[in-house]
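Colleague: Could you take me through the packing in this model, one feature after another?

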Amino acid sequence: MIKPVGADELMPLFVYDSNEHHALEKEAETLPSIMISSAAAGNAVMMGGGYFTPLTGFMNVADAMGCAENMKTTDGKFFPVPVLNLVEDVTAIKGAKRIALRDPNMEGNPVIAVQDVESIEEVSDAQMKVMTDKVYRTDDMEHPGVAAFNSVGRFAIAGPIQVLHFSYFLDDFPDTFRTAVEIRNEIAEHGWKKIVAFQTRNPMHLAHEELCHMAMERLGCDGLVIHMLLGKLKPGDIPAPVRDAAIRKMVELYFPPNSAMVTGYGFDMLYAGPREAVLHAYFRQNMGATHFIIGRDHAGVGDYYGAFDAQTIFEEEVPAGAMDIEIFKADHTAWSKKLNKVVMMCEAPDHEKEDFVLLSGTKVREMLGNGEAPPKEFSRPEVAKILIDYYSSL
């Protein structure tokens, strides 16, 4: 199986040994504690599950700046984005060498991890600006990722962590949330050798389904991992349980047995376009995928990024040899009225716009909200029914 990035084996930071786990929980009750941001909690979950191997905890400012500027920590480890524990106020943990990190996303704010404090640094305006510009390619506060990154505080608490729970993801999505460790184990159980991963934060319509079939066929893959984001999205996005149900129905009916897995991961969307595409590829390699589909506008929002920036970044900015996973470059896919099938639009040069069945997200939401299924060339009827039921319940 493909090796994790920068390591021979996965390095999950979750404490699996039950005695050690229990002892750590007891210790956490005695430690100074601090409420962390939703983004930091998501990072803890990803480190806990092995997705961010070989990171051992939250970065200091020098490492975060290195990752922002050239995707490398000060000791040369490749990582595409800063992983910071930024907070507004550190009064409660002043002088502490070991602290408990509280989860902002769960009732009662249980301890999500215990952190050894190696340093507490105040991040300057200039440093925040560099990181924002490099990661998001904009400092526009209307950008949801920029707004989130710049709103959580300026004190960076660096040091290794031991993770005690996976936030709300395990409770809310027991059938779907999987760690990188679990996905690797499932891939081994399936006996798959070539695995393509598909990222989604939306329900999958016919074009997405056909794109996955295309990628599997062209790459000669024996497995597909549909890996959906379960964390915080932007207002108006369809909630994870509804997406989950719609995707499972599609896989059940339209994929051969033992060819596709439906899983999810706990993380807040960054909407960082190209940089987030690299991060997505990074943790897909760590979960065992050999290939990863990146299409038009991957992980973007608004008009901040060019349609294919998330593909070109792999040639233009990612250090050579940093990752082994291969990128399957996709264009927009849609139903061709001329050919009576879904095609990649770049592979149909004789087509005009009106030769495709194209519907805007707004139009699709409007149809579903009115109890009307999109045309069968756009969405599977069984998938549309789940979405119609959701919109009618609002």
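Modeller: Axes are lines fitted to C-alpha atoms, for helices over the stretch in contact, and angles run from 0 to 180 degrees between N-to-C directions; helices are DSSP runs (H or I, at least four residues) and strands likewise (E, at least two), numbered from the N terminus. This is a predicted model, in which local features need pLDDT of at least 70 and side-chain atom pairs pLDDT 80 or more, while totals for chains, interfaces and linings use all residues. Residues are numbered from 1 along each chain as its sequence is written, and side-chain values use heavy atoms, without hydrogens and water.

Colleague: At what angle do helix α12 and helix α13 pack?

Modeller: Helix α12 (residues 361–369) meets helix α13 (residues 381–393) at about 75°, with the axes 8 Å apart. That makes α12 roughly perpendicular to α13 (65 to 115 degrees; under 35 is roughly parallel, over 145 roughly antiparallel, the rest oblique). Contact means heavy atoms within 4.5 Å, and here R365, L368 and G369 of α12 touch A384, L387, I388 and Y391 of α13.

Colleague: How are the rings of F52 and F283 placed?

Modeller: Rings of Phe, Tyr and Trp (its six-membered ring) pair if their centres lie within 6.5 Å, and planes under 30 degrees apart count as stacked, over 60 as edge-to-face and the rest as tilted. The centres of F52 and F283 are 6.4 Å apart with planes at 45°, so this pair is tilted. F52 lies in the loop between α2 (38–48) and β2 (57–58) and F283 in helix α10 (residues 274–286), so the pair ties together parts 231 residues apart in sequence.

Colleague: Is F52 buried or exposed?

Modeller: Buried means under 20% relative accessible area, exposed over 50%, and partly exposed in between (1.4 Å probe, protein chains only); F52, with 1%, is buried, and F283 is buried at 0%.
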